[in-house]
Amino acid sequence: MRKKMEVDVSEVLSSVVEDVAEAVSRNISGAELLQELLNASWLRALLKIYECLLQFQRQSPSPVLPYASGLSCEIMTTIQRDNHPSAEARELFNLLSSPHIQALLSSHDSVAQSDYLPVLPPLPDDLPDDEEAMRIVCLVKNNQPLGATIRRDEETGDIFIARVIHGGLADRSGLLHPGDLLVEVNGSPVVGLEPERVIQILTNSTGTILFKVIPHPAQVNSDQKPVYMRAMVDYCPQQDSSIPCPDAGMTFSRGDLLEVVDQSDSQWWQARKLPRGGACAGLIPSASMLKSKQRENWWCQPLQVHTCIRPLSVAENEDDPTNADGKHVITDMENIKELNFDEADSDVTDGIYLAGFRRSFRLWRRTSYRKRRQSCTSCSPNINALSTPYEEVALYQRPPQENHRLIIIIGASGVGVNELRKRLIKLNPSTFQGPVPHTTRPIRDGEQNGREYHFVTKELFEYMVCNHRFVEYGENKGQLYGTSIDAIDEVLKRGRMCIIDVEPHCIQLLRTRKLKPFVIFIKPPNPERLRQTRRSASIITNYAINRALTEDDYLELEDASQMMEAKYKQFFDSVLVNDDLQDTCIQLCSVLQQAQNEAQWVPVSWLRPEGGGEVRRVSLGHFVSYQRDGGQSPGSVGK
Ligand SMILES: Nc1ncnc2c1ncn2[C@@H]1O[C@H](COP(=O)(O)OP(=O)(O)OP(=O)(O)O)[C@@H](O)[C@H]1O
C-alpha cells in the first residue's frame with residue numbers, strides 16, 4: 001500500500017473516494033464527512049506537491065547551470081550592444097529584464113547553489129569573555145497595553161522587567177521575561193531613570209517600540225498549571241494603593257470564577273475571569289495579601305454588637321407576628337383557627353404527602369428571618385472580614401451511582417420559594433422531595449409521625465440541638481420547629497432529589513463534601529413586573545386568612561432580596577428571576593437537571609478523598625510558563 005502510494009498517491013485517493021462514495025450511498029454514518037474531506041481541493045493540491053517531491057527525490061535532478069541570472073545579464077548586454085537587434089532579440093530583452101523573470105532566475109540560482117541561509121558576519125576576535133548578550137526586541141504597539149511591569153533596583157538604578165502579564169503583547173512576543181535588564185527604549189538609555197519616566201516614554205511611543213535588554217541569566221520556564229478559584233470578596237484595583245500597576249489590575253466581585261494562571265509572586269497573582277474574560281490576564285492580590293488587607297480593615301472597624309444573637313425565648317417573643325402586625329397577643333380562639341388551617345394546608349399528591357409546607361412551620365421560618373434581618377445592623381452585606389478570600393474550585397460531575405446533590409432554594413420571604421418548591425415536588429413527587437421537619441408540638445388528629453412532622457419531645461429536640469443535628473431550628477408559640485440533617489439524609493438515601501428552603505445563613509453549614517449542595521437564588525422581577533404578577537398572590541399570616549401583598553410588603557421583599565444577594569452571592573450556583581411562575585418552574589427544572597447531570601464548579605475540598613490526598617484537577621487545556629520575578633515593582637508598563 002505504502003509503495004503504491006509513493007507511485008501515485010492521487011490514484012489511491014481516487015479509489016478511496018470511490019469506496020467512501022459507496023459507503024455514503026449505503027448510509028454509513030460519518031462516511032459523508034470523510035468523503036467531503038477526501039474531495040477537498042486543498043488536500044488534492046497537497047498530495048500533488050507530495051508526489052512532485054517524491055519524484056524529485058527519486059530523480060534527484062541537478063541544475064544545468066547555477067548562474068542563470070548571470071547568464072541572462074550577459075545575454076541582455078549582448079543584445080544592447082547590437083545596434084540593430086532583431087524583433088525576437090528585442091522581445092527576449094524585454095522578457096529577461098522584467099522583474100518577475102529576474103526574481104525567478106535569482107531564486108533558481110539560490111536553489112541551484114543551495115544558498116538557503118543568511119550568512120552572518122563573523123564574530124570579532126577581540127570580544128571580551130564576560131560580554132553580556134544583548135537582546136533587541138521590537139514590538140509593534142497597537143491599542144493594547146504592552147502587558148509588563150517594571151521595577152527599579154534602588155541601589156544600582158537598574159530597571160528590570162518585574163512581570164510579564166499572561167496573554168499580553170510582551171508575553172505573546174516571547175522575547176521579554178521577568179528579570180530582564182532594560183537598557184534602552186527607542187534608543188534612549190533608561191538606566192537610572194525613575195520608573196514613571198520610563199512608563200511615560202512607553203506611553204508616548206506609537207507604532208514600533210525598540211527595547212534593548214540584557215536577558216536574565218537564569219530564565220527557567222516552569223509550566224504552571226492554572227488553578228481555578230471562586231472569589232469570596234470584592235476587589236477593585238483602582239481603590240488599592242498597594243497594587244504595582246492599577247491599569248494591569250483586574251476587578252472582580254464575590255462569586256466570580258477566576259482562572260489563576262500565575263502564582264509565582266507571593267503577593268500578586270495573574271488571573272483571568274471565566275467564562276473567558278479576554279486573552280490577557282490581570283493582576284490580583286494573592287490570597288495571603290488579601291487576608292492581610294482584611295485583617296487591617298477588620299482592626300480598623302468600630303465594634304458592632306450583633307443584636308441578632310439572643311437567647312431563643314427572648315427573640316421569639318419579639319418575633320410573634322401578632323405583635324409585628326400590631327395586633328394583640330394570640331388568644332386560644334386564634335390558636336384553634338390556626339390549627340384548622342394548618343391541617344387544611346396539608347397536601348397529598350398521588351398518595352404522597354408533601355412534607356414541610358405546614359403553616360406552623362412556615363410561620364416560624366417567615367417571622368424568624370424577618371426579625372433576624374430587622375434586629376441586627378451588624379449583619380450588613382459588607383461584613384466579610386477574615387473570610388477566605390478565594391475558594392479553590394474544580395469541575396465536578398456527579399457519578400450516576402452517587403446520591404443527588406442537595407438542592408437549596410433561597411429567596412426573600414414572599415418571592416415565591418415555597419410556591420416553586422411545592423410545584424416542583426407536585427410535578428414529580430417520586431424524584432423531588434422535601435425533608436420532614438421536626439417539632440415538639442403535640443400530634444393532632446389525622447396526623448402521622450414522620451409524615452407532617454417528626455413529633456419529638458422537647459428533651460429529644462434539645463438533645464438534637466446540642467448534637468448539631470439541625471440545619472436550622474427555632475420557636476413559635478412555645479413550640480420548637482426545625483429541619484434536621486437526618487431528614488435530608490433520609491430523602492437522599494431514597495435516591496430522591498432533596499429540595500430545601502433555608503435561611504441563607506445556613507448555607508455555609510450545609511456546604512459539605514457529603515451533601516455537595518447546589519444553591520439557587522430566587523430573585524423578584526423588576527418592581528413593575530413584581531406588582532403586576534402578584535396581583536392575586538397572598539402571603540401567609542398568623543390569622544385564619546392569608547392576605548394580599550401591600551406596598552410595604554413589596555418594598556420589604558425588594559430590599560430583603562437585594563441584601564440577601566449582596567451578602568451571599570458568592571454561594572449561588574444559579575440565579576433565577578421569578579417573573580412568570582410557569583416559566584420560572586420550567587427554568588428551575590432545567591437548572592436542576594444541569595446541577596445533577598452536568599459538570600459544575602465545586603470547592604476542591606469536596607473532591608478530596610476522605611482523610612486527605614491529592615485532587616486531580618480538571619484542566620481546561622491552558623498551560624502557561626512563567627518564572628518568579630521576585631521583588632515589588634514601584635512602576636509598571638501596563639499601558
Ligand atoms: N411568579 C409568580 N407570579 C405570581 N404569583 C406568585 C409568583 N411566585 C409566587 N407567587 C405567589 O406569591 C405568594 C407568596 O409566595 P410563597 O408563599 O411561595 O412565598 P415564599 O417566598 O415562600 O415566602 P414565605 O417563606 O414567607 O412563605 C403566593 O401566593 C404565591 O402563589
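## The shell around the ligand

The shell around the ligand is made up of six nonpolar, nine polar and five charged residues, where Ala, Val, Leu, Ile, Met, Phe, Trp, Tyr, Cys and Pro count as nonpolar, Asp, Glu, Lys and Arg as charged, and the others, Gly among them, as polar. This is a predicted model, in which local features need pLDDT of at least 70 and side-chain atom pairs count only at pLDDT 80 or more, while totals for chains, interfaces and linings use all residues. Residues are numbered from 1 along each chain as its sequence is written.

The ligand is surrounded by 20 residues, of which the closest are Ser413, Gly416, Asn418, Glu419 and Ala537; a residue belongs here if its C-beta atom, placed from the backbone, lies within 6 Å of the molecule. At least two residues of this shell come from each of helix H14 (359-375), helix H15 (417-427), strand E23 (538-539) and helix H21 (581-597), with helices (H or I, at least four residues) and strands (E, at least two) being DSSP runs numbered from the N terminus.

## The largest nonpolar core

In the largest nonpolar core, which has 50 residues, Ile407, Ile408, Ile409, Ile499 and Ile520 touch the most other members. Strand E22 (residues 518-523) gives the most to this core, namely five residues. Such a core is a set of buried Ala, Val, Leu, Ile, Met, Phe, Trp, Tyr and Cys residues joined through C-beta atoms within 7 Å, and buried means that 20 or more other C-beta atoms lie within 10 Å of the residue's own, these atoms being placed from the backbone.

How values were computed:
A residue is buried if 20 or more other C-beta atoms lie within 10 Å of its own, exposed if 12 or fewer, and partly exposed in between; C-beta atoms are placed from the backbone.
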